[in-house]
Every structure is written in C-alpha cells, then in structure tokens.
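Here is a short walk through one protein model. Keep the sequence and the 3D view at hand as you read.

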Amino acid sequence: MNTRLPRREFLALGAAAIAAPLIPSRVFAASPTGTGLHGLSAFGDLKYGPDFTHFDFVNLDAPKGGTFNFSPAYWYFNQSPLTFNTLNTFVARGDAPPRMEMCFDSLMVRAIDEPDAIYGLLAQSVTISDNRNSFDFALRPEARFNDGTPFTAEDAAFAFDLFKKDGHPSLLLPLSHLKEAKALDPHTLRLSFDGKQSDRTILDIATYPIPAKAFFETNPFDASQMKAPLGSGPYKVGRVFAGQAIEYERVADYWASDLPVSRGLYNFDRIRIEFYQDRQAAFEAFKKGDIFFRQEFTSRIWATGYDFPAFTSGKVVKREFPSEKRPSMQALAVNQRRERFRDPRVRRAIALCFDFEWTNRNLFYDAYQRSQSTFERSDFRAEGLPSPAELALLDPLRGKIPDEAFGEALVQPASDGSGRDRKMLATASRLLADAGWSRQGGSLRNARGEALTLEMLVDDDSFVRVFSPWVENMKAIGIDASVRMVDSTQYQARQTSFDYDAISAAASFSATPSRDEIDGLFHSRSANLQGSTNLPGTADPAIDALIDAVGAAGDRAALTAAMRALDRVLRARLDWIPNWFSANHRAAFWDMFGYKEPKPDFGFPVEAMWWFDKDKAARIGKT
C-alpha cells in the first residue's frame with residue numbers, strides 16, 4: 001500500500017442477497033496466464049511496453065552527486081520523522097528512520113505516472129497460473145545485495161514468511177491469504193494464494209522491500225537493532241547519530257542502475273535526514289541552510305514565516321506543486337475500544353464542536369478546505385444520493401448500517417465562523433443527552449456517574465494550538481476535554497497500543513485501492529492488532545462486507561461504486577472525524593536542485609527524482 005499514517009497530522013457478513021456482488025473476479029482477467037509478463041496492472045492497462053527504456057517522469061541526463069538534506073513529508077511502517085531507535089523498519093514496535101525502504105529492492109516497482117501499474121525490478125517477469133492464484137517470479141540472475149552476495153529466491157521466500165509471521169501490520173495483513181512463498185530454484189520464486197485474496201493483493205505484495213535472509217538468520221527480528229539489515233537497494237546506511245540524524249549513501253555500483261525502472265533516478269550521492277522534536281526548530285534549521293528541502297504543513301509559517309534573508313535574496317524558492325491524484329484522508333480517530341465513544345451520537349457531538357470555518361480563517365490563513373470524505377480528492381468520494389450500483393451493495397445492509405448512508409452523502413455542517421456556533425453546540429448537547437449523558441455539577445455524566453472525558457493525544461505543539469479551540473467548545477457543553485502533548489517515543493508507544501481517547505492521523509491511498517490496503521484502517525481483523533492503523537477500533541461486519549466488495553471489483557466502475565458505498569457508511573459512522581485538506585504540496589527549498597516538470601500524478605519522491613545542480617548551487621554559495 002502506497003500509503004502513510006503520519007503521527008503529526010496523522011474485520012464478515014454473509015447473505016444470499018449480497019452473494020452475487022461479492023463473488024471474487026479472477027485476478028488480472030485481462031492478463032494472459034502461462035507467459036512471462038514484464039508488468040501488471042489491476043485492470044490490464046500498461047503505459048509502458050516490454051521494451052521500454054525508462055519512465056517518462058525522469059531525466060536521463062540528470063547528473064549524480066551532491067547531498068540532499070530534507071525533512072520527509074511521508075513515511076512507512078514503523079518510521080518516525082521525530083526520532084529513531086532502531087534500523088529495523090519491518091516490525092511494529094520501535095521508531096525507524098524514514099527512507100530505510102530505499103536500502104531494499106522489491107520484486108516489482110510502481111510507476112508513479114500510472115494509477116496502478118507495477119514493473120519488474122528484482123523480477124524480470126512474472127507468470128500467472130491458470131487458476132490465477134499463484135505467481136512465478138523469474139528473478140534477474142545479476143541481482144545482488146550490497147555486499148556483493150547474490151540475491152536468490154530463498155531470500156524472497158524467507159522475507160515473505162517472516163513478514164507474515166512477525167511483520168509490521170502494513171506488511172502482515174496483505175499476506176493473510178498467502179499460502180506459500182517457495183523458491184522453485186535460485187532464480188524462481190512462487191507466491192501461492194488460497195483463492196480468497198483480493199484482485200489487487202499482488203500489486204501490494206510484489207512491491208515489498210526485501211532484506212537478506214542471511215542477516216536475520218544471525219540477528220533478531222525485533223526493534224532492538226541499530227545495525228542496518230542488508231539490502232540490495234540503491235542506497236545503504238552510512239553515518240548514524242542515534243535519534244538525531246542518519247545518512248544514506250548512494251551505492252556506486254548499484255546492480256540495477258541501468259534497468260528501465262531505475263534509469264534517471266537515485267541521483268544524490270547522499271541523502272541526510274535530521275530529526276527535530278519541534279517544528280519550529282526544524283524550520284530554523286531550514287532557514288540557516290542546514291536543511292535543503294521541506295514541505296510546509298504549518299499554514300501560519302507558510303503565510304508569515306518566509307521573510308528571512310535567504311528567501312528575500314532569492315536563495316530559497318517557495319512554490320506549490322499539485323497534489324497527487326490519489327484519495328487521501330486527514331481526520332481525528334475516536335477510540336471505540338473505550339465504551340463511552342461507541343455511541344455514534346457521542347462522536348457526532350464531538351465533531352460538531354470543531355469550528356472549521358473559524359479555525360481556517362484565524363489559524364490556517366484560509367489555506368485549507370474542509371475535508372468531508374474518507375477518500376478526499378478522488379472519484380471515490382461519495383456525492384449526492386447513492387447510485388444504483390451503490391444501492392446494490394448498501395440495500396442488503398439495511399438495519400446494520402446508519403440510515404444516513406442511504407440519503408445524501410453526509411457532510412459536516414458549516415459553522416457561523418464565530419468560533420462558538422451556539423446552534424451547533426446546542427445540537428451536540430441534545431445528541432449527548434439522547435445518548436444518556438446529563439449535566440451533573442457542571443460536567444456530563446452517565447447513569448453510572450462516570451464523567452465524559454476526552455483527551456486529544458498530540459506530539460507537536462502546533463496541534464495544541466489547533467485543537468485547543470475544539471477542546472474549549474467541548475468543555476462548553478460539559479465534556480471534560482483536554483489536549484495532551486507527549487514526546488515522540490511515548491506517542492508512538494501509546495498509538496501502537498491504542499492507549500488514547502482521540503488521535504489525529506492522515507493517510508494517502510493508492511489510485512486503485514485494494515482490499516488489503518484499506519483493511520488496516522477499517523477492517524475488524526485489524527481492530528485489535530497492535531501497531532495497525534485502525535486507530536478508532538472499527539469492527540463492524542457491514543464495513544467488512546463493503547471492503548470485500550472493494551476487493552471483488554473487476555473493473556474501475558465497480559471499484560468506484562464499492563468505494564463510494566464504503567465512504568457513505570464510514571462518514572455516517574464518524575469513526576474518523578474529517579478535518580481539512582490542501583489541494584497542493586507547499587514546498588520550499590534552497591535553489592540548488594534540478595527537477596523535471598510536470599511532476600507525476602501519483603507520487604512526489606523528490607529525493608529519488610531530483611538532482612543536484614552545481615551551477616545553481618554555486619550561484620547561492622552552496623558548493
């Protein structure tokens with residue numbers, strides 16, 4: 001899943017009536033069986049043919065060299081942008097540094113100028129079995145790890161077995177229907193599934209980073225490792241300053257540098273990430289030139305902070321790049337593992353206390369739009385009344401899902417912008433009264449005398465500023481609300497163990513989401529899997545059924561209908577309270593880099609695509 005869950009922003013139902021829509025379509029029905037394929041796409045369309053030489057979004061003439069010191073805008077698995085205490089990014093616990101994945105190759109890689117296509121990296125081809133439940137990957141004989149040892153099918157089989165048993169939930173969950181990962185010979189890997197897998201499961205699994213078997217045969221597979229696992233990727237771990245900074249060094253003799261999927265990429269000799277607990281400290285480091293690139297997520301700084309000498313003299317560029325054409329979500333997760341938040345009326349009352357219009361004007365400088373959907377900025381966002389295709393999925397669930405899912409897609413009401421909309425707060429109070437909460441001594445209590453408390457967990461003081469007005473509105477109607485800021489280590493531990501009332505998160509989905517991709521956020525089987533991204537603890541058989549429909553979709557029209565139906569129900573349940581979103585990347589960088597425009601539609605990995613421009617660097621004194 002090409003998704004992230006930032007810490008700072010951010011499992012079944014059966015009936016004859018729904019059996020037909022959920023009959024699994026055969027995986028890659030448009031792709032032939034029994035023959036080696038250079039690429040796979042969910043619905044059969046590939047932009048690049050078997051003889052393609054490079055991706056269109058790269059510059060083949062980009063020079064190699066220079067250092068890229070940046071603040072990552074997204075991260076995967078157990079990674080953190082605030083600190084790190086392990087170099088094993090494949091496990092649930094611990095904090096690993098972002099971009100550890102660049103040290104490892106995968107069987108295939110995504111083309112970020114296509115919505116769902118993958119092409120061979122370690123694998124030069126993949127052959128689909130006649131029953132479409134197994135995939136044979138023909139590995140490139142020249143593939144090798146960065147210590148010179150050959151990459152073999154045994155390494156891949158070992159990694160998939162390890163991830164299925166003990167991996168991070170983002171790795172483990174999509175492997176639930178993997179029956180066997182087997183090395184047929186040193187250069188042939190077979191992945192066999194039980195027939196219950198999603199159509200698009202293989203698109204996720206084939207892009208997993210794969211470490212060397214030999215490393216984890218002699219080192220524990222846990223978060224204690226500050227020794228870098230051996231990989232075969234374009235970068236390797238260089239200097240490490242535990243919890244403070246890490247450098248990745250380009251592998252000069254990278255085995256795959258001339259493959260079509262690699263040419264024009266990985267141009268920096270060194271990628272450096274420095275870790276700051278405080279956003280302002282990170283911004284100060286950027287202003288001094290210690291950090292070269294950052295995406296700005298604090299609207300106040302974007303609006304008022306770029307008045308420092310390097311910017312006014314033209315050494316620093318400030319501009320916006322279009323966001324990816326992929327669904328995204330930023331929301332507050334309310335933890336239903338705690339009984340007081342299980343009633344949807346309570347969650348709706350909490351949502352009504354958030355005055356987006358006031359917040360956007362007074363704290364965000366009108367930089368954001370109100371988020372309404374779980375799949376914002378995409379065709380999967382439900383609009384208006386359900387279509388016939390959506391109703392075919394929703395009708396069998398009547399009585400098991402909120403009635404609102406059958407009407408106009410639920411939207412959060414706009415406030416009067418005063419910061420304390422009395423009409424909205426009065427509605428919230430009525431909802432809480434209906435849910436059994438009454439005023440006693442100035443606070444809301446239930447029939448057992450228990451107070452309605454809510455603590456928003458954050459790890460950055462900018463969120464204290466943003467959430468404090470929300471908290472004040474909740475206090476005004478009797479909720480004992482507060483914001484609790486903790487350090488990144490405690491935050492990660494509490495998030496992993498679901499020890500919070502409410503926590504903010506963001507996620508970006510692929511352009512063609514798979515069932516496995518959304519399982520971790522919404523399916524009941526991830527609700528109590530520690531380290532999963534199912535932060536609200538959603539465990540609803542109706543949601544599970546709709547996720548199955550997403551997995552069963554055999555074409556984009558069916559996928560869109562299933563995703564919109566799911567969106568309607570998730571929005572009606574309010575497990576995730578939508579917050580805000582931006583239409584663009586707000587980026588600032590020292591003017592010493594080259595890049596090709598326009599950027600690709602489905603990704604923005606600047607550290608992999610951009611390059612160091614010596615002439616530009618010389619002009620601003622950054623040689």
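The structure holds zero disulfides (a disulfide being a pair of cysteine sulfur atoms within 2.5 Å). Cys103 counts as buried because its relative accessibility is 3%. Cys353 is at 0%, so it counts as buried too. Buried means under 20% relative accessible area, found with a 1.4 Å probe on protein chains only.

This is a predicted model: local features need pLDDT of at least 70, side-chain atom pairs count only at pLDDT 80 or more, and totals for chains, interfaces and linings use all residues. Residues are numbered from 1 along each chain as its sequence is written, and side-chain values use heavy atoms, without hydrogens and water.

Now turn to the sheet. Five strands form an open sheet in the order S19-S18-S20-S14-S21, with mixed pairing. Strands (E, at least two residues) and helices (H or I, at least four) are DSSP runs, numbered from the N terminus. Two strands pair if DSSP finds at least two bridges between them. S19 (480-485) and S21 (576-578) stand at the edges with a single partner strand each, so one side of each has no neighbour in the sheet.

Strands S14 (residues 328-334) and S20 (residues 502-508) pair in the antiparallel sense, over seven bridges. There, Ala333 stands opposite Ile503 in S20.

What covers helix H14 (residues 488-496)? The cover over its buried residues includes S18, S19 and S20. Those buried residues include Ser488, Tyr491 and Arg494. Just after H14, Phe498 takes a positive phi of about 60 degrees.

Note on methods: Buried < 20%, exposed > 50% of the residue type's maximum accessible area, 1.4 Å probe, protein only. Contact = heavy atoms within 4.5 Å.
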